[in-house]
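Please read it beside the sequence and the model.

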Amino acid sequence: MLRKHAITRVGTAVAVLGLVAVACTGAGHDGQASSDPPGPPAAVSTRIIAPSNRTGGTLRVVMTADCDSWDPQRTSAVHCWNQERWIFRQLVTYTASAGVAKLAGDLATDVPTSKDLRTWTYTIREGLTFEDGTPITSRDIKYGIERAFATDVITGGPGEVTALLADGNTPYPGPYQDPAPDRLGLSSVQTPDDRTITFRLNRPFADWNLVMASPVSTPVPRVHDTAAGYGARPVASGPYKIENYRPGESLTLVRNPRWTPQGDPNRSAHPDRIVERMGLSAADIDNRILTDQADVSGDQAGVGAQAAARIVANPSLRAERTIEAPTGILRYLAALTTVAPFNDIHCRTAVAWALDKRAQQAARGGPIAGGEIATTLLTPPVRYYSWFDLFPTPGAGGNVSRAREELAACGRPAGFATTLVTGSAALDVAQAEAVRSSLARVGITVTISVLDDQHYAAAVTGMPDRTHAMKYGLVLAARRGYRAAPYAFLAPLADGRQISPQNNVNIAELDQPAVSADLDRAIRTADGDDAAGVWTALDRAVVASGAYIPLLYDQALNVYSDRLTNIHYSAAFMMVDLTSLGVVP
């Protein structure tokens, strides 16, 4: 799940920038009005700032908080997956391509295909070693995968591996309770020799290679595994190893002498050292980068309002040292399908037609700060994203007549009353007020319930029974998938089989067998079989249900030091590609 601070930081990141842009262009809420619906958002940038092959120097990274874990099988945060590529290699990874998410072999020689989408075989490159010189074998990769099954010890991380490799008849307990002499008893993963590893999934899954491009496929040498404590000193397989780590304070990486660029075509490894400082305030991070005391924010969540004002006042700074790009976060309105009157699709689509999305954008600071108007659930960086608009309205300002028609169809021609729940951040509350104003135009009376982070999480993604008891009808929320793949975003929201009495992500409790069946079909569709069309059809079906109403595609403005090189946006990580960065020593 996306950490709350990341959502809030992006929300406030460029508020001043957006307001200044509106003031300069004269295109505020009224200025954006148009007789035509808005079109698709801008294309993802392929720009590269300060390209260079120069090596050496120290890359200075600053963070608001430490990563959730430096144990590759435990980490869940996308920005930490990005950073861990300095230290670890996976079976497959992403090429250093600006604005494009393209897979390539990493530990594996190439990216395999599978005829049945259940059997996936990888061949390991020759000559690869850990930082101590020990050869990396297929068994080290299998052992790392097995660690994800030890949920009593290894907490966190994505769940696809355990779900897709599990044997329902004989659940695998993980290597620490494995009765096999070599602790490699997971039967769904086979290692016939040192350079071959085969996965046999329990059902077809087209995007298995994307799972293997995450840290979960990092090799772990069993002799150095300290179980829950492994994250304090994991063993490097990538270009850098840990020299010093003080949890919550600092991390220092130095070159791994056993790594060679000839055996790793996907990581440039330009700096000699990487020093990361953690626990800094957002404002301190912005100031350090703007004054060249630090090079890059590891969070990549966007600058704050004061920094944005400085950037706006300096056009050359904005042009030469910033990237403004989508974060992969979608801001949306959920209509709870189990709470009257939203158990009627017409009452839900009445809300979709009535909403003024221009007002949503303005509530978050304007066209730049507020992000771009959203019409789909999949966001621009996500694989197979395709733009469409099922509820087109003039200038995205809403269509009162169509909304009233839908109200009549659901037996509420005069409207109704409902409660909307939102977080306590100022921009979230401003969004909620904009929703209330929009819906008041068609007779829908909205009472806003503002909750702090803890109570918001408990009410919204906690227990549905609590949500029902409070009679919440609408929820303002934001979401980013843990990887730029459609199933990572849509499956938790759209699959009725995933509705849970606790930690429920399907906030709207959308439970339509046809949608769940479409999701299964999409997961079983490979690239060559029109996967893009299948995922777009599923996206359309969920939006058409009115259960999730897309509002805004978030954007973040990030700034970089004057000495940083090779800066470009990675669609795979929905932020700058950290492993491509270099510095001028």
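## Helices H7 and H8

In this predicted model, helix H7 spans residues 282–290 and helix H8 spans residues 305–312. They pack at an angle of about 30°. Their axes are 9 Å apart. Angles under 35 degrees count as roughly parallel, and H7 and H8 are therefore roughly parallel to each other.

Three residues of H7 make the contact: Asp-286, Asn-287 and Leu-290. On the H8 side, the contact residues are Ala-307, Arg-310 and Ile-311. By class, the contact of H7 with H8 has three nonpolar, one polar and two charged residues.

## Helices H10 and H12

Helix H10 covers residues 345–354. Its packing partner here is helix H12, residues 400–409. The angle is about 170°, and the axes lie 8 Å apart. Angles over 145 degrees count as roughly antiparallel, and H10 and H12 are therefore roughly antiparallel to each other.

H10 brings His-346, Thr-349, Ala-350, Trp-353 and Ala-354 to the contact. H12 meets them with Arg-402, Ala-403, Glu-406, Leu-407 and Ala-409. The contact of H10 with H12 holds six nonpolar, two polar and two charged residues.

## Helices H16 and H18

Helix H16 (residues 486–494) packs on helix H18 (residues 531–544) at an angle of about 30°. Their axes are 11 Å apart. The crossing of H16 and H18 is left-handed.

From H16, the residues in contact are Pro-486, Tyr-487, Leu-490 and Ala-494. They meet Trp-535, Leu-538, Asp-539 and Val-542 in H18. The contact of H16 with H18 counts seven nonpolar residues, no polar residues and one charged residue.

## The sheet S5-S7-S6

Three strands form an open sheet in the order S5-S7-S6. Their pairing is antiparallel. Strand S5 (119–123) and strand S6 (189–193) stand at the edges with a single partner strand each, so one side of each is left without a neighbour in the sheet. From one strand to the next, the twist averages 20°.

S5 runs antiparallel to strand S7, residues 196–200. Five bridges join S5 and S7. At one of these positions, Thr-121 has Thr-198 in S7 as its bridge partner.

## The sheet S1-S19-S20

Another open sheet of three strands has the order S1-S19-S20. Its pairing is antiparallel. S1 and S20 are the edge strands, and each pairs on one side only.

Which strand pairs with S1 (residues 48–49)? The partner is strand S19, residues 567–570, in the antiparallel sense over two bridges. Ile-49 has Ile-567 in S19 as its bridge partner.

S19 also pairs with strand S20 (residues 575–576), again antiparallel and over two bridges. Tyr-569 stands opposite Val-576 in S20. Ser-570 stands opposite Met-575 in S20.

S19 and S20 form a hairpin. Four residues lie between the two strands. Met-574 in the turn has a positive phi of about 60°.

How many aromatic pairs does the model hold? The count comes to ten. One of them joins Tyr-94 and Phe-573. Their rings lie 5.7 Å apart, centre to centre, with 75° between the planes. Planes over 60 degrees apart count as edge-to-face, and the pair of Tyr-94 and Phe-573 is edge-to-face.

This pair links distant parts of the chain. Tyr-94 belongs to strand S3, residues 92–94. Phe-573 lies in the loop between S19 and S20. The two residues are 479 residues apart.

## Backbone features in loops

Where is the cis peptide bond of Pro-341? The bond joins Ala-340 and Pro-341, with omega about 0°. Pro-341 sits in the loop between strand S12 (322–335) and helix H10.

Ala-269 has a positive phi, near 50°, in a residue other than glycine. The residue is found in the loop between strand S9 (250–255) and strand S10 (273–277).

Key
Residues numbered from 1 in each chain as written. Predicted model: local features only at pLDDT ≥ 70, side-chain atom pairs only at ≥ 80, totals over all residues. Heavy atoms only, no water. Axes fitted to C-alpha atoms, helices over the stretch in contact; angles between N-to-C directions. Parallel < 35°, antiparallel > 145°, perpendicular 65-115°, else oblique. Contact = heavy atoms within 4.5 Å. Nonpolar A, V, L, I, M, F, W, Y, C, P; charged D, E, K, R; others polar. Left-handed = near helix turned anticlockwise from the far one by under 90°. Pairing = 2+ DSSP bridges. Phe/Tyr/Trp six-rings, centres within 6.5 Å; stacked < 30°, edge-to-face > 60°.
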